[in-house]
Amino acid sequence: MAQKSVREIALKLLTQVGESGGFSHILINQAIKNHDVSGKDKGLLTEIVYGTLQRKMTLEYFLKPFIKKKADKWVEWLLYMSVYQMVYLERVPDHAVINEAVTIAKKKGHRRTSGFVNGVLRNIQRQGLSALDDIKDPIERISIETSHPFWLVRRWVDMYGEETTRQMCESNLESKRLSIRVQPLKNTVLSVQEQLREEGIETRHSLLSEQGLIVESGNPLYSQLFPSQITIQDETSMLVSEMLDLKPGMKVLDACSAPGGKTTHIAEKMNDEGELLAYDLHDKKVKLVKEKAETLGLSMIKTKAQDSRHLGEIHQAEEFDRILLDAPCSGLGVLRSKPDIKYHKSESDIVDLAKIQQELLEAVVPLLKSDGKLVYSTCTVDQHENEHQIKQLLEKHPELTVDPMFFKDLPGACQDLIGITEYGVQIFPQDFKADGFFITRLIKNS
Ligand SMILES: C[S@@+](CC[C@H](N)C(=O)[O-])C[C@H]1O[C@@H](n2cnc3c(N)ncnc32)[C@H](O)[C@@H]1O
């Protein structure tokens, strides 16, 4: 496929997800399939789309002095992706980027539009870009330089300090590294690693889960082992089920289970023996969990559509040995793979989510057996949704404590993390170049 088409596809994706959100690698994979994008064009498409989304605010800053009038959204995105290539992709010459942008503008708009695009990009080429050094305020500087909204940077600096925030924001600009989880009831990690190597996929062992492999090169989505013997899952996400202290035969509740990454991990860790009830809000969502379980050949998982805030109406008190509440959250730990989230979330979303998280916690606590353990996790970096939730819950429930064994059970690689507090562990995206997660384990004392 000619590069021209790749950039047109990139523009379509960017205009679509840049405005309305909902970006994921699935969308890119779909576009690759639908348009039959091949070979190195796949890499270019992925790089342009992720890179432009990840750096949108920096690109806006660069473009601002050159745009004097309001342009259509698609024209703005065309300019963003062109400047992205001019600044960050060394292998693509500027004149090729400009010619391509002008061709797309001609095809999609009026002659005036292509003249405008040509003028803006040529002026940038001639005059150069505004220096980021000109931004004196440290929060604004991090915000523009790493393309994170001002409110978010200020919030993170208040919570974690300037240095950690800068590291986190810079780390969010890196490309996402894939990791996989081996279905241990079907294959061993060593043999999977060997089979992947034969398929040209190099991996190394995860430090966070004995079932985990980090992909160093190659694409496991094209492996023969996918999806029945390996699951794509971030290694910090794997750590969540690792921390549940599971044994075969237990009765386990997964209150927010879709699409089922952690549910299936739990079943694998329990040897597929015992009871595992997996809930989520809608039929469509629990269907994903069911399908994932079937694909991996796991039979212990029972799924049902259910608002877990009302689980007390269908379950007895003290019914479960283990409970996982992998709560709905703002997702600020996964900005590397879903960069659109940072432009669409607001502080009021965090307040709303925190309310639901507390309601979910309150609903599942009575269902936990005496001496039972509850893991609370989110894929976000925000004290309000994480540490504060646990603090608030413990104040209301003297029967609960943070399980002291939780900290001992954390893998060696986590022992010195700066995110460890009395309430659990906040893993930052820069810690393992993986998703940011908060994880804690509570125990109900008899
Ligand atoms: C972080 S995701 C769970 C991811 C899942 N544990 C996994 O590893 O694949 C949070 C889930 O909570 C679900 N959810 C939100 N509110 C809920 C509620 N009141 N009851 C049950 N599930 C809810 C969402 O639909 C979403 O699928």
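**Figure 1. Residue classes in the shell around the ligand.** In this predicted model, the shell around the ligand is made up of six nonpolar, four polar and six charged residues. The ligand is surrounded by 16 residues, and the closest of them are C256, G261, K262, S308 and D326. Two elements, α13 (261-269) and β6 (275-280), each give two or more residues to this shell.

**Figure 2. Domains of the protein chain.** The domain assignment divides the chain into domain 1 (3-130), domain 2 (137-171), domain 3 (179-232) and domain 4 (235-444). Between the C-alpha centres of domain 2 and domain 4 there is a distance of 27 Å.

**Figure 3. Contact between domain 2 and domain 4.** Here nine residues of domain 2 are in contact with ten residues of domain 4. On the side of domain 2 that touches domain 4, α9 (150-160) and α10 (162-171) each supply at least two residues. The most comes from α10, which gives four residues to that side. Sorted by class, the side of domain 2 that touches domain 4 holds five nonpolar and four polar residues, and no charged residues.

Figure 4. An unreviewed UniProt entry places the feature "active site" at C379. C379 is found in the loop between β9 (368-378) and α17 (387-396). C379 counts as buried because it has 22 C-beta neighbours inside 10 Å, and the cut-off for a buried residue is 20 or more. Apart from its neighbours within four places in sequence, C379 is in contact with C329, G331, G333, V334, D435, G436 and F437.

Note on methods
Residues numbered from 1 in each chain as written. Predicted model: local features only at pLDDT ≥ 70, side-chain atom pairs only at ≥ 80, totals over all residues. Near = placed C-beta within 6 Å. Nonpolar A, V, L, I, M, F, W, Y, C, P; charged D, E, K, R; others polar. Domains from an automatic or database assignment. Contact = placed C-beta atoms within 7 Å. UniProt positions renumbered as here; feature names shortened; annotations may be inferred. Buried ≥ 20, exposed ≤ 12 C-beta atoms within 10 Å, placed from the backbone.
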